[in-house]
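Colleague: Hi! Could you walk me through the salt bridges in this one?
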Amino acid sequence: DKGVKAVGLYHLGNMTGEKGDAEADEAKAAAQYAKAVEYLEQAAKTAPTVPLGETTLGKAAEDAIAVFKTLVVGKPAPEVVGTTVDGKAVRLSDYR
């Protein structure tokens with residue numbers, strides 16, 4: 001069944017991404033993240049509307065792909081803007 005295969009690919013993608021998180025070598029980590037994204041894209045393409053928790057497989061895979069493409073070792077942190085207790089705007093990039 002397509003749904004079972006897609007859920008398996010989704011979990012395989014997440015486990016592969018976690019291997020990337022644990023990898024000390026940046027090049028090897030990047031390869032793990034790329035493979036994770038492949039699995040997740042396959043999962044989303046195979047059965048995007050299959051329920052997965054409170055969401056769908058397609059949405060969950062999309063969210064995981066965004067993480068593995070942007071929030072991983074070796075990638076710059078995304079811009080974050082906040083306000084200090086005295087009301088002053090502050091950006092993460094101000095502290096590079």
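Modeller: Happy to! A salt bridge here is a side-chain nitrogen of Lys or Arg within 4 Å of a carboxyl oxygen of Asp or Glu. This is a predicted model, where local features need pLDDT of at least 70 and side-chain atom pairs count only at pLDDT 80 or more, while totals for chains, interfaces and linings use all residues. Residues are numbered from 1 along each chain as its sequence is written, and side-chain values use heavy atoms, leaving out hydrogens and water.

Colleague: How many salt bridges does the structure hold?
Modeller: Three. In one of them, Glu38 pairs with Lys35, with the closest N and O atoms 3.5 Å apart.

Colleague: Where do Glu38 and Lys35 lie?
Modeller: In helix 2 (residues 26-46), three residues apart, so about one helical turn separates them. Helices are DSSP runs of H or I with at least four residues, numbered from the N terminus.

Colleague: New topic: which residues does Lys59 bridge to?
Modeller: Glu62, with the closest N and O atoms 3.9 Å apart, and Asp63, at 2.8 Å from N to O. Salt bridges with shared partners link Lys59, Glu62 and Asp63 into one network.

Colleague: How far along the helix are Lys59 and Asp63 from each other?
Modeller: Four residues, about one turn of helix 3. Lys59 and Glu62 are three residues apart in that helix, which covers residues 57-70.

Notes: Helix = DSSP H or I, 4+ residues; strand = E, 2+ residues; numbered from the N terminus.
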